[in-house]
Amino acid sequence: MPQMSLDEIETLAFNALVEAGASEAQARPVARSVRRAEADDMRSVGLGYLPLYLQHLHSRKVDGAATPQVSHPRAALVTIDAGRGFAHPAFDAGFEQAVEAARACGVASLAITRSYSIGVLGHPVEDIATRGLVALAFTNSPPNMAAWGGKRKIFGTNPLAFAAPRMGAPPLVVDQSSTVVTKVALVAAAGKEESIPSHWAFDSEGRATTNAAEALKGSMAPFGGVKGANIALLVELLGAALTGANLSMNVHPYAIAEGPPPEVGQHFILFDPDAFAPGFVDRIAMLVEAMTGEGARAPGARRLIARERAAKEGCAVDDALIARIRSATSP
């Protein structure tokens, strides 16, 4: 199993994306996102997800030649039509305008529509927080969760993320799905024919199940029962309905290479702490100190440790995965 530097990982991803039909403008931000996921030890959405990106480029489920269209309809609103392309270049296209709008208005919104999966939602909110702003983000995804008490899949795993700047430390970042576990974990358990905890998912009849294969036919469970389902609804409202994107129940599964573009949405809300009360970063420092003083760890601590290690040592990449990536670059 070769050890690859982060630069080598990004280059591998970029070259594969371009060979599969992505423009350099589309490929570069996506390759960077793969690098960041690998560095943070989130391998399933790093190189592990790259073959699916490549398949979707070939099938035109994602448009590798798309050019994001940026609009500024209101003083505190930036909208981007991703044109069925990747979400990463769409975010980059509107990022600076959104930051400027937040500085001018105190609060601003960056809304992306007709987009594709953004991968790690925590990374763009971290980018916003590195500019001294507080960030809140929502994105919908293909249907995997029923409304509470229902059987039919209505919502995606519908993650939300938020980040806050800190003085002399990386931003505080939280990134979580509305489901108990990720879809990747459920698929992995089904592939290994492993049992799953009964609170992870329901079968097609809406009954709790320990059979991962039956869970894939049914729906994933929200965290916290009805409260998690309500969070998924909130994400659906802000990430899809408000941006004009497809509702999750109308999105074709990512796991299937063929099919129509997902056209999901991402929505970021940016707050400038300087427009509110003074001393924001000092209060955040007090809050984190209180948390860690009780023996808890600050959210993202493991991610930062993995990132530091990857910067020094690189990442071990399976030969079989490299072969899958290279074979997926051509139709």
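Modeller: Pocket first: on a 1 Å grid over the protein atoms alone, it's an open set of points where a 1.4 Å probe fits, with protein on both sides within 12 Å along at least five of seven lines, and lining residues have an atom within 4 Å of a point. Points join across faces, edges and corners, and volume is the space filled by probe spheres set on them. The model is predicted, so local features need pLDDT of at least 70 and side-chain atom pairs 80 or more, while totals for chains, interfaces and linings use all residues. Residues are numbered from 1 along each chain as its sequence is written, and side-chain values use heavy atoms, without hydrogens and water.

Colleague: What volume does the second largest pocket have?

Modeller: Its lining includes Arg-32, His-88, Phe-91 and Asp-127. The lining splits into five nonpolar, three polar and four charged residues (charged: Asp, Glu, Lys, Arg; nonpolar: Ala, Val, Leu, Ile, Met, Phe, Trp, Tyr, Cys, Pro; polar: the others, Gly among them). The volume of this second largest pocket is about 190 Å³.

Colleague: Which helix gives the largest share of that second largest pocket's lining?

Modeller: Helices (H or I, at least four residues) and strands (E, at least two) are DSSP runs, numbered from the N terminus. Helix 2 (24-39), helix 4 and helix 5 (122-129) each supply at least two lining residues. The largest share, four residues, comes from helix 2.

Colleague: Which strands stand at the edges of the seven-stranded sheet?

Modeller: The sheet is open, ordered 2-3-4-12-5-8-9, with mixed pairing (pairing takes at least two DSSP bridges). At one end, strand 2 (residues 69-74) runs antiparallel to strand 3 (residues 77-81) over four bridges, and a two-residue hairpin joins them. At the other, strand 8 (residues 160-166) pairs antiparallel with strand 9 over six bridges. Each edge strand has a single partner, so one side of each lacks a neighbour in the sheet: these are strand 2 and strand 9.

Colleague: What angle does helix 4 make with strand 4?

Modeller: Angles run from 0 to 180 degrees between N-to-C directions of lines fitted to C-alpha atoms, for helices over the stretch in contact (contact: heavy atoms within 4.5 Å). Helix 4 (residues 87-105) packs on the sheet, touching strands 2, 3, 4 and 12, and its direction makes with that of strand 4 an angle of about 160°.

Colleague: Which residue forms a salt bridge with Arg-307?

Modeller: A salt bridge is a Lys or Arg side-chain nitrogen within 4 Å of an Asp or Glu carboxyl oxygen, and the count comes to 19. In this one the closest N and O atoms are 2.8 Å apart, and the partner of Arg-307 is Asp-40.

Colleague: And how far apart in space are Ala-257 and Lys-61?

Modeller: Ala-257 sits in the loop between helix 8 (226-241) and strand 12. Beyond its neighbours within four places in sequence, Ala-257 contacts Gln-55, His-56, Ser-59 and Lys-61. Ala-257 and Lys-61 are 196 residues apart in sequence, but their C-alpha to C-alpha distance is 7.4 Å.
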